[in-house]
Amino acid sequence: MSTSTVRVHGLDTLRALAVTLVVLHHYVLFVSDAPTFGWVGEVGWVGVDLFFALSGYLIGNQIFAALKSAGGFSLKHFYARRLLRTLPNYWVVLALYFLWPAFRGDAPLLPLWKYASFIQNFALEPGSAFSHSWSLAIEEQFYLLLPAVALLGALLGGSLRLAWTGIALSFIAGMLVRADLWQEMAGQNYKLYFYFKYIYYSSLCRVDELLAGVALALLRNHHPLAWARLTRHGNLMGGLGLLACGVAFWFFLDDRYGFGITVFGFPLMALGFSLLIVAAVAEGSVLRTLRVPGAGPLALWSYAIYLLHKPVCVMAATWLKAQGFGAEHPLTVTALLVLSVLTGWLLYKLVETPFMLLRERYVPSNAARPASLSPVPR
């Protein structure tokens, strides 16, 4: 029996916000090279971190709920469902990079096997083609490891104390690694190059938000009283989340590559995004009940938009510039943002949707045995 899917408007709003932030940031970074969208465009890279937090919560919730269910949890089914969800879009876009030179421009491609094995983020050279796939690599690594670790933990007795200790130690390890790498970076001539190659793109340095999402899922599934207390105060959690994010953003805008913000900024942002997720799923909260026009479709198409928007915008901007419309011309900005959504929608309809239908037909749930699972918020 298929796991029913419940769409939560608050989560859709956050997912739509995440993809919007990333698109605006990449427009500034790769198209206009100017403060086209003010501070929002400058700090828009945090949309990736919001995606991480959402993935940690949603995937963690699926795993922990399945482990507790009568049907049990199937590692094989989980991997099959995730691969059918993520690989088709990814392979189509990857093929465009390798088969259509204009799609990648002058940027060098990594060997195909690195993209295929999702290790392209390891010591990734800034400026490489399809560089924004570094975040997809981290998510795929997460999808591979988390369910295996959770299943092993359940087989060994399922100690909650051990789970929380593991999450806490992983947070600490990430901060220590960033601190050590930053100290090494401080003596380099090319600090920004070093920062992106060894810190920003690194798996261990960037798991804070994923871990925070997993912690929320663990709280929801194994500490129901604590979860109920949190979600009773959804608006308060949302306010505190905005405050934590605001402080983190302010520090990143002030000194993005400084020691303190490099070490502690990501955990602070993880806290802020986690509190926003609590607000997004809390009954009666403003974030959950608010209907933002267009947020639902953007959330559905967000993965496809993320994959395509960067090369599409760069190519279209080059053509528009030849017609006399610069990167900051209102027509160019509007056209490229619309094109980002339109091409993402086409990829979603033509590639993602058919494979999602196949998934629901052949691998309808993560359960090891046919059983009805609780609805999973999406």
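**Reading contacts, helices and cores**

Modeller: Happy to! Let's begin with His222, which touches Phe64, Lys68 and Leu160 when residues up to four places away in sequence are not counted. Contact here means heavy atoms within 4.5 Å. This is a predicted model, where local features need pLDDT of at least 70 and side-chain atom pairs count only at pLDDT 80 or more, while totals for chains, interfaces and linings use all residues. Residues are numbered from 1 along each chain as its sequence is written, and side-chain values use heavy atoms, leaving out hydrogens and water.

Biologist: Where is His222 found, and how many residues lie between it and Leu160 in sequence?

Modeller: His222 sits in helix H10; helices are DSSP runs of H or I with at least four residues, strands are runs of E with at least two, and both are numbered from the N terminus. His222 and Leu160 are 62 residues apart in sequence, yet their C-alpha atoms are 8.0 Å apart in space.

Biologist: Is His222 buried or exposed, or in between?

Modeller: Buried means under 20% relative accessible area, exposed means over 50%, and partly exposed is in between, using a 1.4 Å probe and protein chains only. His222 has 31%, so it is partly exposed. Arg85, in helix H4 (residues 75-99), has 15% and therefore counts as buried. Leaving out residues up to four places away in sequence, Arg85 touches Tyr303, Glu352, Met356 and Arg359.

Biologist: How do I read two helices that pack together, such as H10 and H13?

Modeller: Two packed helices are described by the angle between their axes and the distance between the axes. Axes are lines fitted to C-alpha atoms, for helices over the stretch in contact, with angles from 0 to 180 degrees between N-to-C directions. For H10 (residues 208-222) and H13 (residues 259-281), the axes come within 8 Å and cross at roughly 35°.

Biologist: Which residues of H10 and H13 meet?

Modeller: From H10 come Asp208, Glu209, Ala212, Gly213 and Leu216; from H13 come Phe266, Pro267, Met269, Ala270, Phe273, Ser274, Ile277 and Val278. By class, that contact has 9 nonpolar, 2 polar and 2 charged residues. Ala, Val, Leu, Ile, Met, Phe, Trp, Tyr, Cys and Pro count as nonpolar, Asp, Glu, Lys and Arg as charged, and the others, Gly among them, as polar.

Biologist: Which residues touch the most other members of the largest nonpolar core?

Modeller: A nonpolar core is a set of buried Ala, Val, Leu, Ile, Met, Phe, Trp, Tyr and Cys residues joined through side-chain atoms within 4.5 Å. The largest one has 97 residues, and Leu11, Tyr57, Tyr90, Met269 and Phe273 touch the most other members. Its largest share, 13 residues, comes from H3. There is also a second, separate core of 8 residues, including Tyr27, Val31, Ala316 and Ala317.

Biologist: How many residues of H3 are buried?

Modeller: 20 of its 23 residues are buried, so H3 is largely enclosed by the rest of the structure. Setting aside neighbours within four places in sequence, Tyr57 is in contact with residues including Leu11, Trp227 and Ile277.

Biologist: What should helix H3 span?

Modeller: The expected span is 1.5 Å times one less than the number of residues. For H3 (residues 46-68) that gives 33 Å, and its end C-alpha atoms are 33 Å apart, which agrees.

Biologist: What is phi like at Phe130?

Modeller: It is near 55°, a positive value in a residue other than glycine. Phe130 lies in the loop between H6 and H7 and is buried, at 2% relative accessibility. In the loop between H6 (112-116) and H7 (134-155) you will also find Ala123, with a positive phi of about 50°; at 38% relative accessibility, Ala123 is partly exposed.
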